[in-house]
Amino acid sequence: MSEFILHHYALSPFSTKIRAMLGQAGLDWRSAITREMPPRPVLEVLAGGYRKIPVAQIGADVFCDTRVIAEEIARLSGQPQLALAGCEPDARALAARADSALFVDCLMAGSTLTAGRRMWAAMSALDIARFFVDRIRVGRHARIKARSPQGAPARIRGVLAELSERLHASPFLFGEHPCHADFSVYHTLWFLTEVGGSTLVNEFPRVRQWQQRLRQQGEGRAQPLAPEDTLLIARLARPRALPADQVGDSLVGRQVRIAPVDYAREPTFGVLVAATPTRWILAREHAEVGLLHVHFPRDGYQLDEA
Ligand SMILES: N[C@@H](CCC(=O)N[C@@H](CS)C(=O)NCC(=O)O)C(=O)O
């Protein structure tokens with residue numbers, strides 16, 4: 001069977017969401033490190049215009065967005081609660097809030113001098129300049145509700161109080177085992193505390209302990225993989241059989257474009273080959289790798305005829 005490959009970078013919160021999930025899943029995986037901003041030539045071949053991180057790959061199947069990646073980890077590990085569909089409605093709602101509003105608040109509150117020093121240690125001065133130019137451009141084209149940076153700590157405290165209340169009853173947010181929502185919250189607070197050096201979470205000892213519990217689970221067993229080798233892996237593989245749970249869509253068989261609706265909205269083009277209750281799958285041909293199937297979540301994405 002093809003290996004699970006993660007294209008990611010160290011300081012990426014959403015990559016932390018998946019790395020921590022791989023720890024809970026106890027999986028072996030291959031780690032392909034990508035740059036903190038485009039150009040990312042390998043991912044352009046694999047995922048087309050889609051430029052968010054992380055991206056996962058199994059052979060000639062490419063998985064965009066942590067919601068789809070989590071479904072794959074849930075399947076591979078036999079832990080259905082890691083997928084959103086395997087969570088109760090309250091957990092799905094919290095995951096959605098954490099991956100959007102809480103993420104933005106933690107980015108604002110965690111962008112401290114300490115975070116700057118971490119970037120300085122991890123990136124060249126030129127790349128840091130490129131990073132800021134890129135993120136300003138992403139921000140200009142984003143379609144997300146504006147949130148005041150000054151209000152971020154108070155809003156985060158509100159969420160932490162809510163989490164602390166939940167953790168009174170069980171070791172994880174929705175019971176005895178971590179579910180998708182735990183990881184959605186975890187990665188945002190990871191950026192705030194581990195990257196930004198904020199001590200806000202210390203005001204809520206139960207949340208701090210929960211954070212440590214998840215951190216102790218590690219990140220699974222990763223083996224490094226040169227990004228260029230992921231192209232060879234894709235070229236030697238065929239996309240796997242399409243899923244059986246298709247719901248049909250009038251655009252199946254047509255040339256389409258798909259893009260996130262919120263930020264970093266660059267589209268990927270291809271032929272829609274499947275629509276399931278949770279995802280769209282596009283077929284893409286590329287001279288370097290042949291046929292690929294690229295998987296996107298339905299939620300939060302816009303699909304149009306190209
Ligand atoms: N909805 C996406 C969000 C991913 C996301 O925003 N990732 C950030 C990095 S943590 C990103 O792509 N930033 C722009 C970039 O790295 O080019 C998911 O769940 O995967």
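This is a predicted model: local features need pLDDT of at least 70, side-chain atom pairs count only at pLDDT 80 or more; totals for chains, interfaces and linings use all residues.
A polar contact is a pair of N or O atoms within 3.5 Å. Keep that in mind for Arg40: one of its polar side-chain atoms sits 3.0 Å from an oxygen atom of the ligand.

**Around the ligand**
- Thr66 uses its side chain instead, putting an N or O atom 2.6 Å from an oxygen atom of the ligand.
- On its own the ligand would expose 500 Å², and the protein buries 95% of that.
- Helix 1 (13-25) and helix 3 (66-77) are the elements that give two or more residues to the shell around the ligand.
- There are 14 residues around the ligand, and those that come nearest are Arg51, Ile53, Asp65, Thr66 and Tyr263.
- Sorted by class, that shell has seven charged, five nonpolar and two polar residues.

**Two buried loop residues**
- Look for Thr34 in the loop between strand 2 (28-33) and helix 2 (41-47).
- Thr34 counts as buried because its relative accessibility is 13%, and the cut-off is under 20%.
- Beyond its close sequence neighbours (within four places), Thr34 is in contact with residues including Arg40 and Ile53.
- Thr34 and Ala226 are 192 residues apart in sequence, yet their C-alpha atoms are 9.6 Å apart in space.
- Ser12 sits in the loop between strand 1 (5-8) and helix 1, and at 2% relative accessibility Ser12 is buried.
- Again leaving out neighbours within four places, Ser12 is in contact with Arg19, Ile53 and Trp190.

**Salt bridges**
- Side chains of opposite charge can pair when their charged atoms come close.
- The whole structure has 23 salt bridges.
- One of them joins Glu219 and Arg19, at 3.7 Å from N to O.
- That pair links distant parts of the chain, 200 residues apart: Arg19 is in helix 1, while Glu219 is in the loop between helix 9 (205-216) and strand 5 (221-224).
- Arg19 is buried at 5% relative accessibility, whereas Glu219 is partly exposed at 39%.
- Asp105 pairs with Arg147, and their closest N and O atoms are 2.9 Å apart.
- Here Asp105 belongs to helix 4 (residues 89-110) and Arg147 to the loop between helix 6 (125-141) and helix 7 (152-166).
- Asp105 is buried, with a relative accessible area of 2%, but Arg147 is partly exposed at 26%.

Terms used: Residues are numbered from 1 along each chain as its sequence is written. Side-chain values use heavy atoms; hydrogens and water are left out. Helices (H or I, at least four residues) and strands (E, at least two) are DSSP runs, numbered from the N terminus. Buried means under 20% relative accessible area, exposed over 50%, partly exposed in between (1.4 Å probe, protein chains only). Contact means heavy atoms within 4.5 Å. A residue is near a molecule or strand if one of its heavy atoms lies within 4 Å of it. A polar contact is a pair of N or O atoms within 3.5 Å; within protein, one must be able to donate a hydrogen and the other to accept it, and residues adjacent in sequence count only if both atoms are side-chain atoms. Accessible areas come from the Shrake-Rupley method with a 1.4 Å probe; for residues, only the protein chains shown count as cover. Ala, Val, Leu, Ile, Met, Phe, Trp, Tyr, Cys and Pro count as nonpolar, Asp, Glu, Lys and Arg as charged, and the others, Gly among them, as polar. A salt bridge is a side-chain nitrogen of Lys or Arg within 4 Å of a carboxyl oxygen of Asp or Glu.
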